[in-house]
Amino acid sequence: MKEPSAVSGQLSAFGAAVGNLFRGGPANVSWERALEGLSAEDAARVPDRLPHSVAQVVAHVQFWQAYLLEVIAGENPPAPEHAAGGWPEPGSWETLQAAFFRDSEALRALTRDADFTATLDRKERPWAVGLTNFGGHSVYHLGQVVSIRQALGLWPPPSGGDTW
């Protein structure tokens, strides 16, 4: 059996690694950089032959972040019947970004809480499992945002981006 300090160190490493997924890094461009400099008009543009705009993708990720935070708070929000139910209208770009970054930071903080990640969720799995899944979902769509910006000729962002 591992010593408590070794387990705590592993949970700290987990929290750092998975927590970073909610920001987009360190192996990826950050969400902040990926959204940097986008006007509401550009964020709403859908490139030819692609299904979504940046704003639609961010609204989708934010929908699921808010959903997870409601579940964590002990609420029982209804899950969408179909995948389309998880793709709400983006609304105000500024309001959407503020909610997105607020909730991603809240989830990041939870991944860094070893006691929380070890507790069981409503499906009797450690919260670490759900947080990892949602962190991966976020990074998946982060790559989609970069691809959309590239297709629109809006990459790299003003302060640069991973273009190697």
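Leaving aside neighbours within four places in sequence, His141 is in contact (heavy atoms within 4.5 Å) with Trp31, Val57, His60, Val61 and Trp87. His141 lies in helix α7, where helices are DSSP runs of H or I with at least four residues, strands are runs of E with at least two, and both are numbered from the N terminus. The residue is buried, with a relative accessible area of 5%; buried means under 20% relative accessible area, exposed means over 50%, and partly exposed lies in between, as computed with a 1.4 Å probe on protein chains only.

The structure is a predicted model, in which local features need pLDDT of at least 70 and side-chain atom pairs count only at pLDDT 80 or more, while totals for chains, interfaces and linings use all residues. Residues are numbered from 1 along each chain as its sequence is written, and side-chain values use heavy atoms, with hydrogens and water left out.

The protein contains seven helices and zero strands, and its pattern along the sequence reads α-α-α-α-α-α-α. Of its 164 residues, 39% count as buried. Among contacts with a separation of 6 or more, 72% are accounted for by residues 24 or more positions apart.

One of the residues touched by His141 is Trp31, which is found in helix α2 and is buried, with a relative accessible area of 1%. Besides His141, the contacts of Trp31 beyond four places in sequence include Phe22, Val58, Phe100, Leu142 and Val145. Although Trp31 and Leu142 are 111 residues apart along the chain, their C-alpha atoms are separated by 6.7 Å.

Trp31 also belongs to the largest nonpolar core, which has 21 residues, and within which Trp31, Leu35, Val54, Val58, Trp93 and Val145 touch the most other members. A nonpolar core is a set of buried Ala, Val, Leu, Ile, Met, Phe, Trp, Tyr and Cys residues joined through side-chain atoms within 4.5 Å. Helices α2 (31–35), α4, α5 (93–111) and α7 each supply at least two residues of this core, and α4 gives the most, with six residues. Apart from this core lies another, of 14 residues, among them Phe14, Tyr67, Leu110 and Trp127.

Helix α4 (residues 54–72) packs with helix α7 (residues 127–151) at an angle of about 170°, and their axes are 9 Å apart. The axes are lines fitted to C-alpha atoms over the stretch in contact, with angles running from 0 to 180 degrees between N-to-C directions. This angle makes α4 roughly antiparallel to α7, a term that applies to angles over 145 degrees. The α4 side of the contact includes Val57, His60, Val61 and Trp64, and the α7 side includes Phe134, His137, Ser138 and His141. By class, the contact has 12 nonpolar, five polar and one charged residues, where Ala, Val, Leu, Ile, Met, Phe, Trp, Tyr, Cys and Pro count as nonpolar, Asp, Glu, Lys and Arg as charged, and the others, Gly among them, as polar.

Some backbone features remain to be described. Most residues other than glycine have a negative phi, and most peptide bonds are trans. Arg49, in the loop between α3 (40–44) and α4, has a positive phi near 65° and is exposed, with a relative accessible area of 85%. Glu124, in the loop between α6 (114–118) and α7, has a positive phi near 65° and is exposed, with a relative accessible area of 57%. The peptide bond from Trp155 to Pro156 is cis, with omega near 5°, and Pro156 is found in the segment after α7.

Note on methods. Parallel < 35°, antiparallel > 145°, perpendicular 65-115°, else oblique.
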